[in-house]
Protein chains: 2
Amino acid sequence: MSQGEFDIIKRYFQRSTNKVDGVEIGIGDDCAILDVPCDHQLAVTTDSLVSGVHFFEDVDAYRLGYKSLAVNLSDLAAMGATAKWVSLAITLPKIDEVWLAEFCRGFFALADKYNVKLIGGDTTKGPLSITVSAKGLVKTGQALTRCNAKIGDVIFVSGCLGDGALGLLVKLLATETELFTKDNQQAFVNALELTEPRLHLAKLLVGYASSCIDISDGLSQDLSHILNKSQCSAEITLENLPFSDAILNEIKLDHLSLSQVWQHAVNGGDDYELLFTIPADKVSAFKALLNTQSKYDDLACYEIGKITKQKQIECEKLTTASAVSSILFTYLQQPVDVNSTGWDHFK
Amino acid sequence: MSQGEFDIIKRYFQRSTNKVDGVEIGIGDDCAILDVPCDHQLAVTTDSLVSGVHFFEDVDAYRLGYKSLAVNLSDLAAMGATAKWVSLAITLPKIDEVWLAEFCRGFFALADKYNVKLIGGDTTKGPLSITVSAKGLVKTGQALTRCNAKIGDVIFVSGCLGDGALGLLVKLLATETELFTKDNQQAFVNALELTEPRLHLAKLLVGYASSCIDISDGLSQDLSHILNKSQCSAEITLENLPFSDAILNEIKLDHLSLSQVWQHAVNGGDDYELLFTIPADKVSAFKALLNTQSKYDDLACYEIGKITKQKQIECEKLTTASAVSSILFTYLQQPVDVNSTGWDHFK
C-alpha cells in the first residue's frame, strides 16, 4: 500500500509528547526543542543497525525495533545517564504496514519501559537500516567515563556473558544444524535480540564506579578501551565469569567446553552488559546499596577481576621501557591464553 | 586498504574537541557529554542521505560530506537556533581512503565555518548512507515554530528559489542533453550540492519572525506546513519570487518559460532557503536590522506574499462549513494555478 512519508510518521511514529518530560516541541517541526535541567549535562549516543550486517534480512520486526533502541540505551547506561529522548532515522525499501506496526511495537515497548520519548528523526527510502540517536541526562560532572580506573579497583560485570555471541552462532547456523537444545537455542537468541539495557543499575553506579563501558564488542576489546584510557592493566579470573543457566546446561550436556564458553564470553560481543570498576574501599558500600534495591530484578553484577599496573616492555631500538595495557586471564590461579579479538566492522 | 573501525574514526573523524564549546566529552566514550546553558533549550534534528535516493552513486565525496551536514544545519536555522554539535552515522560499502578524506574535507569545511563540533556517531559497513543528527541552542521560549503565523503577517523567503530543483534536473539528464548553458548548469548543480544553511539570518529572525521553516520539499509543501499548523491561508505573489542570475539568464535565452520556473520554484524542493513570516508592524524594524549587518553577505531575503484567512468550505454531508488552509498564487493580480506537490519519498 502506498502511503506518503508524512502519513507514515503520523501513523506510526508520532505520539503526543509535547510539554511533558522536557519535550517543549516533539515530532512535527524542523527540530525538536528540549529542556536540559541546569544541574545536568546531556549525554548523546548514536548507533546504526544495517540489514545483512547487524541483523538478518528476515529478522523479526518487533525484535529489530526493540534492539535498535536497546543498543543505544545501553550506551547511555554506560555513562550513568538517565535515558530521556530518542531520534529514529529509518530507511525502508518499501512500506509494509504489518512490518512497520511490529517494528514500532518493539521500539515503543522498550521506550515506554524506561519512559523514553521519541522526539524526531527521518523516514527515507532505500536499503533497510536504522540509526537511533539517544539522549540522556547525567548530573553535571558525574558521567561515568573510561578514563578513571585505578590500580586496585575491582572489575564488575552486570548480567551474564557469552549468550549474545552464542545467539549469533545459532542464527548463523540455524538452518544447517542444531548445536544446542531447543530451549537453550531460544535463550541464546533471546539474549542476542532482546537485550536489556542496564539503566536501573547505571543509576546506582554513579558515585561508586570509577569507570564504565558497555560490552558490545566483547569483554576483551571493551575492557581494553578502559585500560588504554586509564593507563592500567587488568587481571580477569575466568572462574568468576558469570554464565547463564543455558550455558551451564550446555556445558553439562557436553555441547560446549569451558574453553569454548570463555571464547564467546571474552571475545564474542553482543552481550550489552555493563563492565565497570569500583575502588576497593567502596565495594562493600556498593554491595550494600544493591541489597537495598528490591524494586528491580535486573541489578545482578559479579566481581570478575581487578585493575593492575601497566606492563613495562623494553623497546629494543630506543633502549627505553614503554608502558602497555594488557589483560591477564587466569583460571585457578594459572594464566590462560584467551585470544583477544572483538568485533570490528572492517576487519 | 583494510583498516579497522577504530582506526577510521581516529584518522578521519576524531578531533580534539573536549573541554571547549560545551563539549565535556567528545568522540571516544560510550556517549558524548555536552553542556547546555541554563537559559537555553536544545534543538535537535536528524536527516538521512541515502545513495541512489538523495544523491547519485557517483556523487563527489566533498560535496556529499558538505551537504549531509548542510541539510541538518538548515533545520537548526529554521528554528532560529545556533548550531553547536553534530553526530555522524556513516555506512560505507568499503574503506576508500581518498573518498573518505574528501568526504571529511567537505563535512569539516562547513562545520568549521559555523563552529560546529563533531561529537560522535557510528561507522558501519553496508550500502552507502549518511545520517547526521545536529544539535543547536536557542534561548528558552524563543524557538521559531510553524504554528504562530497570523493573518496579515508578511511572508519572506531567503535567497533564491528554483535553482536546487534545476540542479537536480541537470544531474538527472546530464549525460543525455544540455538543457542550459554550461555556466548556468554548473550554477544550478552548485545550488543543489553546496547549499548554504541560513544560520546567520536565523539569529536575526529571533524576536521578529512569527513562524519559520526551511524549504526542503518545495515552497508549496513547506508553506502548507506553516498554514496547517497556524490555521491560516496564504497569498503568494509570483512576480515577487526571487530568481538567481542563472535562471533569469535562461529565461532570456528562451530555455525556460516563466511557467516552468514557477513550477521549479514552487514545487521543486532542494532549495534549503528559509521561509518565514513577520508581523506587518515589525517588518520595517526587521529590514532596518538587516541593513545594519555588514558582516555577512548571505542575509538577502524577499517579501513574496502575505498570510490570509482560512477558506470556508461547505461540507455537503455534514451541512456545516469547514476551514481549510490553502495557497493562492497570483501574477499581476490574476490567480495562477501552480500545481502543488512537493517531494515525498513514498509517492
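The model is predicted, so local features need pLDDT of at least 70 and side-chain atom pairs count only at pLDDT 80 or more, while totals for chains, interfaces and linings use all residues. Residues are numbered from 1 along each chain as its sequence is written, chains are lettered from A, and side-chain values use heavy atoms, without hydrogens or water.

The size of an interface is often given as the accessible area lost when the parts come together. Chain A and chain B bury about 5,200 Å² between them (accessible area lost, 1.4 Å probe, summed over both parts). Carbon and sulfur atoms hold 58% of this area. Each chain brings 66 residues to the contact (heavy atoms within 4.5 Å).

Four salt bridges cross the interface of chain B and chain A. On the side of chain B that touches chain A, strand 3 of chain B gives the largest share, nine residues (strands are DSSP runs of E, at least two residues, numbered from the N terminus).

One cavity of 30 Å³ or more was found (points on a 1 Å grid over the protein atoms alone where a 1.4 Å probe fits but cannot get out; lining residues have an atom within 4 Å of a point). The volume of the largest cavity is about 60 Å³ (the space filled by probe spheres set on the points, which are joined across faces, edges and corners). Its lining has 13 residues. Among them, A:S129, A:T131, B:S48, B:S129 and B:T131 lie nearest the centre.

Terms used:
1 Å grid on protein atoms, 1.4 Å probe; cavity = no way out; pocket = protein on both sides within 12 Å on 5 of 7 lines; lining within 4 Å. Buried area = accessible area lost by both parts, 1.4 Å probe. Salt bridge = Lys/Arg side-chain N within 4 Å of Asp/Glu carboxyl O. Helix = DSSP H or I, 4+ residues; strand = E, 2+ residues; numbered from the N terminus.
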